[in-house]
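Please read them with the sequence and the structure open beside you.

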Amino acid sequence: MHCFGNLYGLLIAPNTGFSCAQSFSNTDPGFRIAATGLVLNVEQSVEIVKELKLTGHPYDIFKIMAFIKDVFSTSLEIAKFEGASIKTVSGIRGQIKRAFSKPEGCYRTTFEDKAFIVVTDLLGAEEGEGDGWQILRLTGQIRAENNILTSEDKNSNYRPIERQTRHFNNLRVPQRLAADLPFKSQIAQQKRAVVVRKEEHAVRDLMQKLMTLRNEKVEKRRLKHEERRPPYRAKVEENEEKRSERKKREMSEHWRREGKTRYN
């Protein structure tokens with residue numbers, strides 16, 4: 001289930017993800033991710049209705065209804081929290097109904113399931129009564145103490161991807177359909193060799209020689225142009241420098257005359 005909470009700490013940009021670990025210890029080989037979340041916004045002041053976690057004790061239980069004490073001190077406080085959601089240690093959800101006039105600070109609540117009586121015969125370790133309460137160990141802690149490896153799922157392991165090469169058959173077009181296709185979409189069944197006659201061969205040879213001569217002339221002309229370009233570029237740069245110097249000189253003279261006319 002999703003829940004909202006307020007944290008006092010460093011400034012963190014919104015939409016930043018975070019994770020919560022249950023506990024860190026040098027003796028434990030690993031840790032467990034307890035929750036993951038997302039930062040919604042950053043506020044300078046937050047109004048907190050109840051800063052502490054309130055814990056009460058049932059003094060009378062009737063199936064899904066129970067009478068709770070040691071949470072509030074007056075009936076006025078209970079009236080402000082009528083309809084609020086509560087939860088037992090075992091996770092059974094309930095709702096605050098009404099307050100009692102006597103004893104002061106007690107109220108009636110109902111749960112969605114039968115609320116069991118709290119076991120109290122193992123909670124007195126400090127007083128020497130019983131063996132004491134021991135928190136249920138996690139699966140990872142039990143495996144670490146007994147050197148039991150984590151079970152692996154074959155479908156979750158990484159393995160090399162082997163893809164078979166797919167072979168597609170050639171496209172076969174029926175003869176009736178191929179005959180009705182336009183000339184642009186005709187399917188060439190086989191390549192035909194082009195036999196050139198002697199006259200055509202002589203013409204092609206002559207055209208190839210002429211094109212070779214033309215390409216050679218074009219290359220020589222391009223090289224001559226490249227030889228003439230450096231002096232031209234130097235001359236253009238020189239003209240640009242002279243033009244920029246003349247422009248600066250004219251601007252300085254203009255503002256000198258403008259300054260004299262303004263102050264005189």
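1. How many helices and how many strands are there in the chain? The chain has four helices and seven strands, where helices (H or I, at least four residues) and strands (E, at least two) are DSSP runs numbered from the N terminus. Starting at the N terminus, the elements follow one another as β-β-β-β-α-β-β-β-α-α-α.

2. A word on the basis of these notes. This is a predicted model, in which local features need pLDDT of at least 70 and side-chain atom pairs count only at pLDDT 80 or more, while totals for chains, interfaces and linings use all residues. Residues are numbered from 1 along each chain as its sequence is written, and side-chain values use heavy atoms, with hydrogens and water left out.

3. Of the 264 residues in the chain, 7% are buried; here buried means under 20% relative accessible area, exposed means over 50%, and partly exposed lies in between (1.4 Å probe, protein chains only).

4. Five strands form an open sheet in the order E3-E4-E7-E6-E5, and their pairing is antiparallel; two strands are taken to pair if DSSP finds at least two bridges between them. Strand E3 (57–62) and strand E5 (85–87) are the edge strands, each pairing on one side only. From one strand to the next the twist averages 35°, with axes being lines fitted to C-alpha atoms (for helices over the stretch in contact) and angles running from 0 to 180 degrees between N-to-C directions. In general, strands of a sheet pair through backbone hydrogen bonds, either parallel or antiparallel.

5. Which residues form the aromatic cluster? Tyr59, Phe62, Phe67 and Phe100 form one aromatic cluster, where rings of Phe, Tyr and Trp (its six-membered ring) pair if their centres lie within 6.5 Å, and planes under 30 degrees apart count as stacked, over 60 as edge-to-face and the rest as tilted. The count by this rule comes to five aromatic pairs. One of them is the tilted pair of Tyr59 and Phe67, at 5.9 Å centre to centre with 40° between the planes. Tyr59 is partly exposed, because its relative accessible area is 34%, whereas Phe67 is buried, because its relative accessible area is 15%.

6. Val203 has its place in helix H4 (residues 198–263), and with a relative accessible area of 52%, Val203 is exposed.
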